[in-house]
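Let's take a walk through this model together, one piece at a time. Have the coordinates open in your viewer and follow along.

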Amino acid sequence: MIRDTYWEDLTITDEDIEALYTHLLETETPMTPEELAEVLVNFRLAEERRKLEQQRVGDATLYLPKGHYQPGERLVFPARHWEEGEVVAVREAHNPTMPPFKVIRVRFSDGSEREFAAGLEEHPLNNPLPASKAEALMNTAKVLAVYGGSLAERIAEALAANDEFVRIAGRWFPRALLSEVHVGHLNLAEAVLDMAHGGPLSTVEIMRQIDFPADSPKLAEFSLAYALQESEKFDEVGPAGEVLWFLRSMEPRWVQETPPTLRYRPLEYDRDALTPEMLALEAELGDELSPDPTEPPSSSKTELRLIYPHWRAGTLPLSHKTRFLFPTAYEAPRVRFTWVDGQTGEEFPGWVVRPGKYVYGLEKWYEKKGLIPGSLVALKPGKASGQVIIEAYTHHPKRDWVRSLLVGRDGEPVFAMLKQTVTAEFDERMVVAVPAPEAVDAVWQKVAKERTPLEKLVVSVLRELAKLTPQGHVHAMGLYAAVNTLRRCPPGPIFALLATRPWFIHVGDLHFRLDESAN
Amino acid sequence: MSQGKHRSLVKPTLDTPFHIDFRWWQSHARDWRFYMHRLLCPEHQAQFADWQNTTLVDWVDPETAEVRQVEGMQYVLMTHCAHQPDFLEAHVPLVDAIFRVLVAHGNRPMTPVEIAEHLKRPARPQVILRTLTGRRDYLGIRPVEQ
């Protein structure tokens, strides 16, 4: 007799926590919330069976509307959380629309009295759940198949609020069982990682190299992992389900902190102003700072147009267009993986920086391939797990007229069409070659220092870009790319300005011109 | 005349259950039987033409089998008329629609979120909460006293 909504409504109680704690103590094995969900379900089912057994052997009778009861009889009410009460009176019911039945008055332990039907043959409470459904609710595997995910979430929440448990890489363990790891062990671990160029190394590998005492290997592994996690010197960089360590001091700077060109202070803007075409373009651009569109990517390969902030930082966005290709983690903010050059097969280290929403490690690769902002880059899953293949559509170098950004003697940015050597395919509308990025860095600092309003910047960039085309029209994506050569901004705020300000005239197909008379 | 409203010290929220408090109708000398009679289907309006004299009937809660004594007219309203297709779809003000939802469910206490789910019209739970916790008591719909 388990309630239909028993598993949906379940709240983790102190008894549940104690049961999980006992299990972890006995098995001496760290467990994920999903594994603990199975322990919890088994515990709860055993408890429910025990309660049922007690009800069968106890004094109280299970209340069923079809039953006949006498004053003084004790009843237990499943619909009232198995509350027990005593029948204090019986009377005839009055209801001309129903077959004759009786009404019993029941007094509960808090002194309250309620009336219930008795001798009533037709009532849903008379029929316990169908056997198949009851069986499903009392079967561990079936319960986990339906409710496992939500139970695991509730367990993780409850354990996080309890000091007696510790967690590492998504696994939980009682703090009391951790063996001592002294500072000497940590110093040795640091030296081992230093020898391995920072890492990554697994906990087991570090244990082996520092000769860490391991009477109980699993306990020892978890204890060392926990000590490494608690020390600021080490960074856990393994993908979900794998614990790998890196020496924090040897991690690249732009993995530890967000590169200057990717820093963005969120701007308020009216998203409702964006037209369906603008929203579609925003989704296509795959900027990591844009909200995720509802449609997931349809293929495992993805193509991006490189924008200046990522080109300068040697990164790519971790957005809805790319996220599914990269390893993720339960907790680790930074995850190490391997880039594979799709043309040469060369492998080099990459980093997923989850808080900053970018992937790192491409600075030299961009240089080697001769890419410029606006170049096309393709990504696809690697053959081995933890690998991502990256390709650029390279060709023999050729001289081509390309929109370029220069910085004048007065320190002001100037967009101009210049002949540049290009070695890879690019998007005509988004390309902005930057021959002297150091000079542009100074412009970024000036824009940040002077807090130039976005609107002012958009107007001046649109005015500059318009000079480079015979019609004086600029596509929204070109404007987005160009604005991002001077400050970091996702498409949303720029498109919202285009949609709401009267001096931006839409001339069709997301091309805009500036109405100088209105400005 | 002043309509002194009994107010709980606890501010109702989206999780507060509301029900029709029939004591309110009595204390306000409002004849709820007349209001109920208007909600009956035509067949039962005729049957309860003498709406001022109805007898008490034992109503059995379909979920818990708990028995509550209700007037005969309220009983047919809950067990028959409220289940007619047009009962919840009638074009009536929001408070009347909320009243109908509660009646259709045997006056089982419901939160604004639950009421919104049963209303056959778009109404946000926050709007329902604001309506029911305004300065006036509408049709005796009140938070359930703990």
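**A walk through the model**

A:Lys357 sits in the loop between strand 14 (347-353) and strand 15 (358-360) of chain A. Helices and strands here are DSSP runs (H or I of at least four residues for helices, E of at least two for strands), numbered from the N terminus. Before going on, some housekeeping: this is a predicted model, where local features need pLDDT of at least 70 and side-chain atom pairs count only at pLDDT 80 or more, while totals for chains, interfaces and linings use all residues. Residues are numbered from 1 along each chain as its sequence is written, and chains are lettered from A and ligands numbered from 1 in the order in which they are written.

A:Lys357 has a positive phi of about 60° even though it is not a glycine. Most residues other than glycine have a negative phi. With 19 other C-beta atoms within 10 Å, A:Lys357 counts as partly exposed. The cut-offs are these: 20 or more other C-beta atoms within 10 Å makes a residue buried, 12 or fewer makes it exposed, and anything in between is partly exposed, with C-beta atoms placed from the backbone.

Now look at A:Leu510, in the loop between strand 21 (504-508) and strand 22 (511-514) of chain A. A:Leu510 isn't a glycine either, and its phi is positive, about 65°. Is A:Leu510 buried or exposed? It has 20 C-beta neighbours inside 10 Å, so it counts as buried.

Zooming out, chain A has 16 helices and 22 strands. Of its 519 residues, 35% are buried. Take the contacts in chain A (C-beta atoms, placed from the backbone, within 7 Å) between residues at least 6 apart in sequence: 63% of them join residues at least 24 apart.

Next, some helix packing. Helix 6 (residues 183-195) and helix 7 of chain A have axes 10 Å apart and pack at an angle of about 105°. The axes are lines fitted to C-alpha atoms, for helices over the stretch in contact, and angles run from 0 to 180 degrees between N-to-C directions. Helix 6 of chain A and helix 7 of chain A are therefore roughly perpendicular; that label covers 65 to 115 degrees, with under 35 being roughly parallel, over 145 roughly antiparallel and the rest oblique. Helix 6 of chain A brings A:His185, A:Leu188, A:Ala189 and A:Val192 to the contact, and helix 7 of chain A brings A:Ile206, A:Gln209 and A:Ile210. By class, that's five nonpolar, two polar and no charged residues. Nonpolar means Ala, Val, Leu, Ile, Met, Phe, Trp, Tyr, Cys and Pro, charged means Asp, Glu, Lys and Arg, and the others, Gly among them, are polar.

Helix 7 (residues 203-210) of chain A also meets helix 8 (residues 217-230) of chain A, their axes coming within 10 Å and crossing at roughly 100°. That makes helix 7 of chain A roughly perpendicular to helix 8 of chain A. Here A:Thr203, A:Val204, A:Ile206 and A:Met207 of helix 7 touch A:Ala220, A:Glu221, A:Leu224 and A:Ala225 of helix 8. The contact of helix 7 of chain A with helix 8 of chain A has six nonpolar, one polar and one charged residues.

Further along, helix 10 (residues 276-285) of chain A has A:Met278, A:Glu282, A:Ala283 and A:Leu285 as its buried residues. Seen down the axis, they fall within an arc of 165° (taken from the directions from the helix axis to the C-beta atoms), so they line one face of helix 10 of chain A. Among what covers them are helix 15 (476-483) and helix 16 (491-500) of chain A. Just after helix 10 of chain A comes A:Gly286, with a positive phi of about 65°.

In helix 14 (residues 454-466) of chain A, the buried residues include A:Val458, A:Val461, A:Leu462 and A:Leu465. They cover an arc of only 100° around the axis, which puts them on the same side of helix 14 of chain A. The buried residues of helix 14 of chain A pack against several elements of chain A, among them strand 19 (413-424), helix 15 and helix 16.

Finally, hop to chain B, where B:Ile141 lies in strand 4 (residues 141-143). B:Ile141 is buried, with 22 other C-beta atoms within 10 Å.

How values were computed. Contact = placed C-beta atoms within 7 Å.
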